[in-house]
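Colleague: Hi! Could you walk me through this one? I'm new to it.

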Amino acid sequence: MNYIQVAEVATTVEKAQQLGAKVEVANEAFYGGHIALIRDPMGAGFTVYDGDQLRQSRQPAHGVVLGRELQVSNAAKVIDFYSGLLGWQFVEGAYPEQLEGYTSEGTKVAAVQELDNAVKGKYEYWVTVFGVRDMALAHDKIVANGGQLISDERYRMLFADHYGEAFFYIKAV
């Protein structure tokens, strides 16, 4: 699950509902703050957090979250949602199917990829990108533990967990 730092969960939940989101968990206490699980208007789930324990390394390293990517069948239906909810600015990329993503204060915060349901399945989702030292070794460990390779894009691989429900990328660092 992707966690997004916000100033106040309660305010974010209220705004998300006004923008057409579904809130599944609201304002639960969590590590010195509060969280809420929100599904955007297309159904992609993410968690907002207002505490001070959320950390993301600035340096790519093994086992570190490198970034996040929203994979949806129709990006136009959610672009304004994230801009309105989080103040992110959407930046278009060079290729229609490989949308650039969102920035906040000039820093890239999320990529967006528009994919046909035949490719990504029927769900809309956020994907976390993890750094690994050795792609082949990471692949073998994930598969040995029940994970499933969804696609190999040469510079990164998309996997599903052993339930076939959570998706994540690995990328060499």
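Colleague: Where is glutamate 105 found?

Modeller: Glutamate 105 sits in the loop between β7 (101-104) and β8. Strands here are DSSP runs of E with at least two residues, helices are runs of H or I with at least four, and both are numbered from the N terminus. This is a predicted model, in which local features need pLDDT of at least 70, side-chain atom pairs count only at pLDDT 80 or more, and totals for chains, interfaces and linings use all residues. Residues are numbered from 1 along each chain as its sequence is written, and side-chain values use heavy atoms, with hydrogens and water left out.

Colleague: Thanks! Is glutamate 105 buried or exposed?

Modeller: Glutamate 105 counts as exposed because its relative accessibility is 79%. Buried means under 20% relative accessible area, exposed means over 50%, and partly exposed is in between, using a 1.4 Å probe and protein chains only. Phi of glutamate 105 is near 55 degrees, a positive value in a residue other than glycine.

Colleague: And what is phi of arginine 154 near?

Modeller: Phi of arginine 154 is near 70 degrees, and that is a positive value in a residue other than glycine. Arginine 154 lies in the loop between β10 (148-152) and β11 (156-160). With 79% relative accessibility, arginine 154 counts as exposed.

Colleague: Let's go inside. Which residues touch the most other members of the largest nonpolar core?

Modeller: That core has 26 residues, and Ile38, Phe46, Leu70, Phe81, Tyr82, Trp88 and Trp126 touch the most other members. A nonpolar core is a set of buried Ala, Val, Leu, Ile, Met, Phe, Trp, Tyr and Cys residues joined through side-chain atoms within 4.5 Å. Elements giving two or more residues to this core include α1 (9-18), β3 (33-39) and β5 (65-72). The largest share, five residues, comes from α2.

Colleague: Why would those side chains be in there together?

Modeller: In soluble globular proteins, nonpolar side chains tend to be buried together.

Colleague: What does leucine 70 touch?

Modeller: Leaving out residues up to four places away in sequence, leucine 70 touches Asp40, Ala44, Val78, Tyr82, Ala111, Val112, Gln113, Tyr125 and Trp126. Contact means heavy atoms within 4.5 Å. There is also a second, separate core of eight residues, which includes Val132, Met135, Ile142 and Met157.

Colleague: Switching to threonine 47: buried or exposed?

Modeller: Threonine 47 counts as buried, at 5% relative accessibility, and lies in strand β4. Among its contacts, not counting residues up to four places away in sequence, are Met1, Tyr3, Ile35 and Leu37.

Colleague: How about valine 64, where is that found?

Modeller: Valine 64 is in the loop between β4 and β5. With a relative accessible area of 19%, valine 64 is buried. Valine 64 and tyrosine 163 are 99 residues apart in sequence, and C-alpha to C-alpha they are 23 Å apart in space.

Colleague: Now the big picture. How many helices and strands does the protein chain have?

Modeller: The protein chain has four helices and 12 strands. Of its 173 residues, 40% count as buried. Its C-alpha trace spans about 45 × 40 × 35 Å along the principal axes.

Colleague: What radius of gyration does the protein chain have?

Modeller: The protein chain has 16 Å, which agrees with the value near 16 Å for a compact globule of 173 residues. The radius is taken over C-alpha atoms, and the globule rule is 2.2 Å times the number of residues to the power 0.38.
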